[in-house]
Amino acid sequence: MNKIVIAIDGFSSTGKSTIAKQLAKQLNYIYVDTGAMYRAVTYFALDNNLIGEGFFHSEKLIDKLDDIHITFKFNEALGFAEVYLNGKNIEKAIRTLKVSSYVSPIATISEVRQKLVEQQQLMGKDKGIVMDGRDIGTVVFPNAELKVFMTASAETRAQRRYKELLERGHNLSYDEVLENVTTRDRIDSTREDSPLVKAEDAIEIDNSNLTIEEQLETLLKFAKTKV
């Protein structure tokens, strides 16, 4: 059976990673979470005091891009690949609201995007891959056989993210999460380099009222028509 590239784009907290992981598992494809790659760069910037409340030393970050090495290592116990930065497991560290608050400004930097897009394209050169992010179907793989654009209301997405963060032990309010979601939407959609837009040939799925099982069933049907 021919293998294809599946590009899943959409707004933050639409569950892209969750559905992409399950779809890749069902198809026996490789899954790549590109959002985690941008989060890893953000973690690096925070850890090196290059970004914070009221400041962003973008030129210094650009100068240090060659010092950033991102890899994914499959964890059999968890059933998915974890993110490593320069050999250090940062999977849990990049999922905090603090990282979420700075990842969109980091992603506006053209040099950062260029570095990560090159890596992503190499990962998909042999196809058989499910990749999710903001510009996969428009920039990374404009010729992907299957493109999906995920959306949901900001309130629904904030509620999902709020619940997820509480379960991880973070102490914060729903309003903080909603503000983070709407701010990220604005930055992602209006940035100059590779803004978040739906590819013309993408299938749009509003999952505000869909279960994971319903989404997976729908995407599997579309994928089987493309192979």
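Trainee: Which residues of helix 4 are buried?

Mentor: This is a predicted model. Burial is read from relative accessible area, with under 20% as the cut-off. In helix 4, the residues that count as buried are Leu-97, Val-99, Ser-100, Tyr-102, Val-103, Ser-104, Ile-106 and Ala-107. That is eight of the 11 residues of helix 4, so the helix is largely enclosed by the rest of the structure.

Trainee: How should I read Phe-55: buried, partly exposed or exposed?

Mentor: Phe-55 has 29%, so it counts as partly exposed. The residue is found in strand 4, which spans residues 55-56. With neighbours within four places in sequence left aside, Phe-55 is in contact with Asn-49 and Leu-50.

Trainee: Which residues touch the most other members of the largest nonpolar core?

Mentor: In soluble globular proteins, nonpolar side chains tend to be buried together. Here the largest nonpolar core has 37 residues, and Val-41, Leu-61, Ile-68, Ile-70 and Val-112 touch the most other members. Elements that give two or more residues to this core include strand 1 (5-10), helix 2 (34-47), helix 4 (97-107) and helix 5 (110-123). Helix 2 gives the most, with nine residues.

Trainee: Which residues is Val-41 in contact with, leaving aside its neighbours within four places in sequence?

Mentor: For Val-41 the list is Leu-61, Ile-68, Ile-70, Ile-106, Val-112 and Leu-116. A second, separate core has 18 residues, among them Ile-8, Ala-24, Met-150 and Leu-216.

Trainee: How many helices and strands does the protein chain have?

Mentor: The protein chain has nine helices and 10 strands. Its radius of gyration is 17 Å, close to the 17 Å that the globule rule gives for 227 residues, so the chain is as compact as a globular protein of that length. Along the principal axes, the C-alpha atoms fill a box of roughly 50 × 40 × 35 Å.

Trainee: What share of the residues of the protein chain counts as buried?

Mentor: Of the 227 residues, 49% count as buried. The chain exposes about 11500 Å², and carbon and sulfur atoms supply 48% of that area. Contacts can also be sorted by separation in sequence. Among those between residues at least 6 apart, 72% join residues at least 24 apart.

Trainee: How many positive and negative side chains are there?

Mentor: The protein chain has 30 positive and 34 negative side chains. The centres of the two sets lie 4 Å apart.

How values were computed. Residues numbered from 1 in each chain as written. Predicted model: local features only at pLDDT ≥ 70, side-chain atom pairs only at ≥ 80, totals over all residues. Heavy atoms only, no water. Core = buried A, V, L, I, M, F, W, Y, C linked by side-chain atoms within 4.5 Å. Buried < 20%, exposed > 50% of the residue type's maximum accessible area, 1.4 Å probe, protein only. Helix = DSSP H or I, 4+ residues; strand = E, 2+ residues; numbered from the N terminus. Contact = heavy atoms within 4.5 Å. Rg over C-alpha atoms; globule rule 2.2 N^0.38 Å. Areas by Shrake-Rupley, 256 points an atom, 1.4 Å probe, with all protein chains shown as cover. Lys, Arg positive; Asp, Glu negative; His and termini not counted. Charge placed at Lys NZ, Arg CZ, Asp CG, Glu CD.
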